[in-house]
Amino acid sequence: MSLAEGSATAEPVPAGSGAAGTVTDPSVTAGSVTEGFAVTHRRYVPHSHAHYGGALVDGAYGLGLFGDVATELLIRTDGDEGLFAAYSSVEFLAPVLAGDVVEATATLVRVGTRSREIDFEARVVCRSAPDRGPSAAVVLDPPLVVTRARGTVVAPKPA
Ligand SMILES: C/C=C/C(=O)SCCNC(=O)CCNC(=O)[C@H](O)C(C)(C)COP(=O)(O)OP(=O)(O)OC[C@H]1O[C@@H](n2cnc3c(N)ncnc32)[C@H](O)[C@@H]1OP(=O)(O)O
């Protein structure tokens, strides 16, 4: 899969967090959902997404990434895409620019009956370096944290 198409990983959480790691069986019930379970998506931000001066990308773009990564998280924990009910916080910490490679992680932090509270973080891992030429770019090490949020996704009522 190319970066332009995006990529996804469901990662076991670091030791000590109490997380069980990747859940792959779509028949798992809410009782099997484990706090700390995390899914990460990564994708290239096309230049067609530049919205404001200086190739700045709108903040809603990052929220779109969070919706998609939350969708995969719910598929893996609940066997359903779920519906996003609310964000309780969103912080835009640094700009996202056209040409960035952005990584978005959703981490399950609270399991309700049907609600799933999720922490989100988006990081820029690669960025254009136009001073060296129109296609030049660098890997950011460490990545630049651009957006953090917390939100609630709701799984459907059992049939
Ligand atoms: C993965 C990403 C997907 C998307 O982006 S979808 C696009 C945007 N989202 C939507 O279009 C969704 C529109 N909203 C709805 O359809 C409904 O609105 C919901 C399905 C989200 C909830 O409706 P109902 O099922 O009737 O909710 P309840 O039975 O009152 O509560 C079920 C659980 O959900 C929690 N909850 C409901 N609303 C909120 C809220 N606004 N903020 C935080 N939590 C909420 C409750 O507390 C409870 O939780 P507990 O099951 O753990 O007891």
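# Fold, core and ligand shell

T152 is partly exposed because 19 other C-beta atoms lie within 10 Å of its own. On this scale a residue is buried with 20 or more other C-beta atoms within 10 Å, exposed with 12 or fewer and partly exposed in between, with C-beta atoms placed from the backbone. The model is predicted: local features need pLDDT of at least 70, side-chain atom pairs count only at pLDDT 80 or more, and totals for chains, interfaces and linings use all residues. Residues are numbered from 1 along each chain as its sequence is written.

## Overall layout

The protein has one helix and eight strands, arranged along the sequence as β-β-β-β-α-β-β-β-β. Helices (H or I, at least four residues) and strands (E, at least two) are DSSP runs numbered from the N terminus. Of its 159 residues, 28% are buried. Contacts are pairs of residues whose C-beta atoms, placed from the backbone, lie within 7 Å. Among contacts between residues at least 6 apart in sequence, 70% join residues at least 24 apart.

An unreviewed UniProt entry carries the annotation "domain: HotDog ACOT-type" for residues 35–159. Such positions are given in the numbering used here, feature names are shortened, and annotations may be inferred rather than shown by experiment. The span 35–159 is 16% helix and 52% strand, and its end C-alpha atoms lie 24 Å apart.

## The helix and the core

Helix α1 has 20 residues, which at 1.5 Å a residue should span 28 Å; its end C-alpha atoms are 28 Å apart, so the two values agree. The expected span is 1.5 Å times one less than the number of residues. Buried positions in α1 are G62, L63, L65, F66, V69, A70, L73, L74, T77 and D78. The elements covering them include β2, β5, β6, β7 and β8. Just after α1, G79 has a positive phi of about 65°.

The largest nonpolar core holds 28 residues, and F66, V69, A70, L73, V102 and A106 touch the most other members. Two or more core residues come from each of β2 (38–44), α1 (59–78), β6 (101–111), β7 (115–128) and β8 (137–154). Helix α1 contributes the most, with seven residues. A nonpolar core here is a set of buried Ala, Val, Leu, Ile, Met, Phe, Trp, Tyr and Cys residues joined through C-beta atoms within 7 Å. Beyond residues up to four places away in sequence, A70 touches F84, A106, I118 and V153.

## The ligand shell

The ligand has 17 residues around it, and F84, G112, T113, R114 and S115 come nearest. A residue is near a molecule or strand if its C-beta atom, placed from the backbone, lies within 6 Å of it. Elements α1, β5 (83–92) and β8 each supply at least two residues of the shell. The shell comprises eight nonpolar, seven polar and two charged residues. In this scheme Ala, Val, Leu, Ile, Met, Phe, Trp, Tyr, Cys and Pro count as nonpolar, Asp, Glu, Lys and Arg as charged, and the others, Gly among them, as polar.

## Individual positions

T152 lies in strand β8.

V57 belongs to strand β4 (residues 56–57). V57 counts as buried because it has 22 C-beta neighbours inside 10 Å.

A50 is in strand β3 and is partly exposed, with 17 other C-beta atoms within 10 Å. Again leaving aside neighbours within four places in sequence, A50 is in contact with A55, L56, V57 and A98. A55 sits in the loop between β3 (50–52) and β4. A55 is partly exposed, with 18 other C-beta atoms within 10 Å. Although not a glycine, A55 has a positive phi of about 65°.

| Pair | Separation in sequence | C-alpha to C-alpha distance |
|---|---|---|
| V57 and Y44 | 13 residues | 12 Å |
| A50 and G99 | 49 residues | 8.9 Å |
| T152 and I118 | 34 residues | 6.1 Å |

Notes:
Two residues are in contact if their C-beta atoms, placed from the backbone, lie within 7 Å.
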